[in-house]
Amino acid sequence: MGGSQAFLAYRSGGAGSATVVKTYNISGYNSLVEGKLAFDFWDLRAEAMRGNRIAIFTSVKVPVGADSVNQVWQIGGNVTNGRPNAHPFAPNNLQSTAVLKFTGSEAPGSAPGSSPERGVDDDGRKFWG
């Protein structure tokens, strides 16, 4: 979507090939150019799923004091010579926007979890897990 800072994933050579995820500053539909995003993120990865789908996983640093962020997601499009093309302009794509709220009654609750445990793997390397 024009004006978006995006994580974009695709298969590098068609079905069964490696999954690639890159970052894009999308200023318009005629120039999808890979670029640095204006926010911090880490642990970016993509995973191929059944049904020719790809899931993107990452952690994003939310600006201090932010109570929400806008999000968009798209399905489709294609890749030519390693460059993504614009997605279809079907209603499902054009209406795929939402506001993710961090505060107030619409904010998601915290996820229960335990503290990471320290351990040593089979090769003697220490880890937190």
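1. With eight residues, β1 gives the most. Please keep in mind as you look around that this is a predicted model.

2. Next, the size and make-up of that pocket. The volume of the largest pocket comes to about 1700 Å³. Sorted by type, the lining residues of the largest pocket are 24 nonpolar, 14 polar and three charged.

3. Do have a look at D43 in the backbone. D43 is not a glycine, yet it has a positive phi of about 55°. You will find D43 in strand β4, which covers residues 41-49. Is D43 buried or exposed? Its relative accessibility is 60%, and exposed means over 50%, so D43 counts as exposed.

4. Finally, turn to the surface, where Y29, F89 and L94 form a nonpolar patch. Together these three residues have about 280 Å² of accessible area. One of them, L94, belongs to helix α1, made up of residues 91-94. L94 has a relative accessible area of 44%, which lies between the 20% and 50% cut-offs, so L94 is called partly exposed.

Technical notes. Residues are numbered from 1 along each chain as its sequence is written. This is a predicted model: local features need pLDDT of at least 70, side-chain atom pairs count only at pLDDT 80 or more; totals for chains, interfaces and linings use all residues. Side-chain values use heavy atoms; hydrogens and water are left out. On a 1 Å grid over the protein atoms alone, a cavity is a set of points where a 1.4 Å probe fits but cannot get out, and a pocket is an open set with protein on both sides within 12 Å along at least five of seven lines; lining residues have an atom within 4 Å of a point. Grid points are joined across faces, edges and corners, and a volume is the space filled by probe spheres set on the points. Helices (H or I, at least four residues) and strands (E, at least two) are DSSP runs, numbered from the N terminus. Ala, Val, Leu, Ile, Met, Phe, Trp, Tyr, Cys and Pro count as nonpolar, Asp, Glu, Lys and Arg as charged, and the others, Gly among them, as polar. Buried means under 20% relative accessible area, exposed over 50%, partly exposed in between (1.4 Å probe, protein chains only). Patches are made of residues with over 30% relative accessible area and no salt bridge: like charges are joined within 9 Å, nonpolar side chains (Val, Leu, Ile, Met, Phe, Trp, Tyr) within 5 Å. Accessible areas come from the Shrake-Rupley method with a 1.4 Å probe; for residues, only the protein chains shown count as cover. A salt bridge is a side-chain nitrogen of Lys or Arg within 4 Å of a carboxyl oxygen of Asp or Glu.
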